[in-house]
Amino acid sequence: MQRYTDKKGLQELSRDAGIHTIIPRLAILAETESDVAQAMEDSAAEGLPVTARGGGTSIPSQSVGGGAILLQRRNAIRVSRDAVVCQPGVVKAELNRALSREGRWMPVDPSSYASCMIGGMVANNSSGARTMKYGSTVDYVEALRAVFPGGKALHVAPVSIEEALSADVRTRSLVSLLLENQKTIAQERPRVSKNSSGYRLERAVHDGVFDLPRLLVGSEGTLCVFTEATLATRVVPKWRLLLIVESPFEELDRIVSVFGEHSPSAIELVDKSVFRLMGRWERVSKYSRTGAPYLLFIEFDGESGDASSKMEELAGSKVGSFDPLVLQSQAEISDAWEVRSETLTIAQDVKRGTKTLVPGVEDLVVPRERLGDLVKLLADQFESRGLEYISYGHAGDANLHARPLLDITDSRGGSTLDSLMEECFEAVWKMGGSMTGEHGDGMLRAKFVERQYPKTYWIMREIKSLFDPKGVLNPGVKIIG
Ligand SMILES: Cc1cc2nc3c(=O)[nH]c(=O)nc-3n(C[C@H](O)[C@H](O)[C@H](O)COP(=O)(O)OP(=O)(O)OC[C@H]3O[C@@H](n4cnc5c(N)ncnc54)[C@H](O)[C@@H]3O)c2cc1C
């Protein structure tokens, strides 16, 4: 185990992809699981909060903190027949390469896949372009190893409810809490295909099983530190087909519903203006045949059948009226997906004087049939304030990444962001949606979590105190007060 206190190193860890800068007191590099346990014990003894950190790509300020930043660069991968065991420092792109050698994949690819790590993906319940067909990280976690406050390392796997009810005191309290409140939890669950706000209460009890791994997924480093994850894998699809359609913002809803009838694996929105603003127009020009401001990437894939049969099905449907550009070669398809993934990386560098594209309402998600209402909400909210904005993301999941250009170092900009968050979140909750589909709550949205879950927030607080009674792990993130 190594401990660092050098100014330059700590400065680098004072930011993630969010808007908060917090200089930590020290950084700890754990080389083994025992190091993680020791680091947690030492920090507790010194009264230092602990923030686990992977690739540091999180957006609502989750991997920054004023205490100890706990890093694990442990990156072993063990592939078995239909699962893979990963240490938390495995970068997703590296996992993809290891799995593809075996003809398998784990289909959740955040656009940050080249630098985000498995520990961070599990802790954020990350999603990707193909979540509409393949689900989020929570759908792939079979078991975990984790170190809990106090320094105890445990293997965590689903067990029967009976077994859980006769286990240790914490497990018994937890299961009873979830069982007694199952109805309220089900009622308050957002009606969306993906959600990263609050704890995943609704996933913890299912099919007569207490699934602690699924409760810990998405806990944003506030309940434990993961030291290993066992993830389910799938066979790589035999074929893929990518259609690209140009669209104005207002047409999104209609296009998504027409293409959605043909079971796509992804429907992704790309905002051409991001590329124009950053002088990278050549990246999207080859897909642009009209002046429409947005591109929709619509992908189909299959483990059986072939692309030609899918093309025949689509040709005889309403899809043809949109005159899509059709990409069939793997090289062309990969190149197009690179363009989609680049959107946020490029957007993070967009500047207009002191204005930048700020997060806050960057991850709203609503029930799929309300996509049109979300599009209208965002346009109204930004345009009524005279704000320039970009919008892109996972149209197929009705999960849009919209960011206004704002100077939040200025108090007026800060209060504009506050009012945008207030009004957008209220509207999204009324639609049965969530304020975050995949990025999580972090520090940025922590104060709103109670309002998203007025009837079950107390359960989340109870869970936080069952696991972390002294509030050592990631204070200020997700669950507060
Ligand atoms: C350009 C860009 C594109 C993005 N695209 C997507 C996208 O398509 N989909 C998506 O879901 N997200 C996306 N994100 C958000 C982010 O990349 C993901 O949430 C990612 O999975 C975070 O991984 P990380 O390793 O960077 O985690 P970090 O930022 O280091 O940490 C994230 C959270 O996990 C906790 N954590 C980290 N390691 C551990 C551990 N071992 N044990 C317990 N807790 C831990 C941290 O404390 C923190 O709360 C994007 C971000 C950027 C900057």
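Colleague: Before we start on the charged pairs, what counts as a salt bridge here?

Modeller: A salt bridge is a side-chain nitrogen of Lys or Arg within 4 Å of a carboxyl oxygen of Asp or Glu. Keep in mind that this is a predicted model.

Colleague: Fine. Where do E282 and R280 stand on that?

Modeller: Their side chains meet in a salt bridge, with N to O at 3.9 Å. That counts because the cut-off is 4 Å.

Colleague: How many salt bridges does the whole structure have?

Modeller: The search finds 37.

Colleague: Which residue does R340 pair with?

Modeller: R340 forms a salt bridge with E268, and the closest N and O atoms are 2.6 Å apart. This pair links distant parts of the chain: R340 sits in helix 15 (residues 330-347) and E268 in strand 16 (residues 266-271), 72 residues apart.

Colleague: Buried or exposed, that pair?

Modeller: R340 and E268 are both buried.

Colleague: And what about E426?

Modeller: E426 has a salt bridge with R451, where the closest N and O atoms are 2.8 Å apart. Here too distant parts of the chain are linked, with E426 in helix 17 (residues 411-430) and R451 in helix 18 (residues 446-452), 25 residues apart. As for accessibility, E426 counts as partly exposed at 31%, and R451 is partly exposed with 35%.

Colleague: How many bridges hold strand 1 to strand 2?

Modeller: Three, and strand 1 pairs with strand 2 (residues 26-30) in the antiparallel sense. Q2 is the residue opposite L29 of strand 2.

Colleague: Now strand 13. Which strands does it pair with?

Modeller: Strand 6 (residues 83-86) is one of its antiparallel partners, joined by four bridges. Strand 8 is another, antiparallel over six bridges. T230 in strand 13 stands opposite V85 and is also the bridge partner of A143.

Colleague: How many residues of strand 13 are buried?

Modeller: Seven of the eight residues in strand 13 (residues 225-232) are buried, which leaves the strand mostly covered.

Colleague: You mentioned strand 8. What joins it to strand 9?

Modeller: Five bridges do, between strand 8 (residues 141-148) and strand 9 (residues 152-156), which run antiparallel. F148 stands opposite K152 in strand 9. Their hairpin has three residues between the strands, and G150 there takes a positive phi near 105 degrees.

Colleague: Which residues other than glycine have a positive phi?

Modeller: N125 is one of them, with phi near 50 degrees. It belongs to the loop between helix 4 (118-124) and helix 5 (131-134), and N125 is buried, with a relative accessible area of 3%. K478 is another, with phi near 65 degrees. K478 lies in the segment after helix 19 and counts as buried at 0% relative accessibility.

Colleague: Last topic, helix 7 and helix 19. At what angle do their axes cross?

Modeller: At roughly 175 degrees, with the axes of helix 7 (residues 169-180) and helix 19 (residues 457-467) coming within 11 Å. That makes helix 7 roughly antiparallel to helix 19.

Colleague: Which residues meet there?

Modeller: From helix 7, the contact has R170, S173, L174 and L177. On the helix 19 side, the residues they meet are W458, I459, E462, I463, L466 and F467.

Colleague: And how does that split by class?

Modeller: The contact of helix 7 with helix 19 has seven nonpolar, one polar and two charged residues.

Technical notes. Residues numbered from 1 in each chain as written. Predicted model: local features only at pLDDT ≥ 70, side-chain atom pairs only at ≥ 80, totals over all residues. Heavy atoms only, no water. Helix = DSSP H or I, 4+ residues; strand = E, 2+ residues; numbered from the N terminus. Buried < 20%, exposed > 50% of the residue type's maximum accessible area, 1.4 Å probe, protein only. Pairing = 2+ DSSP bridges. Axes fitted to C-alpha atoms, helices over the stretch in contact; angles between N-to-C directions. Parallel < 35°, antiparallel > 145°, perpendicular 65-115°, else oblique. Contact = heavy atoms within 4.5 Å. Nonpolar A, V, L, I, M, F, W, Y, C, P; charged D, E, K, R; others polar.
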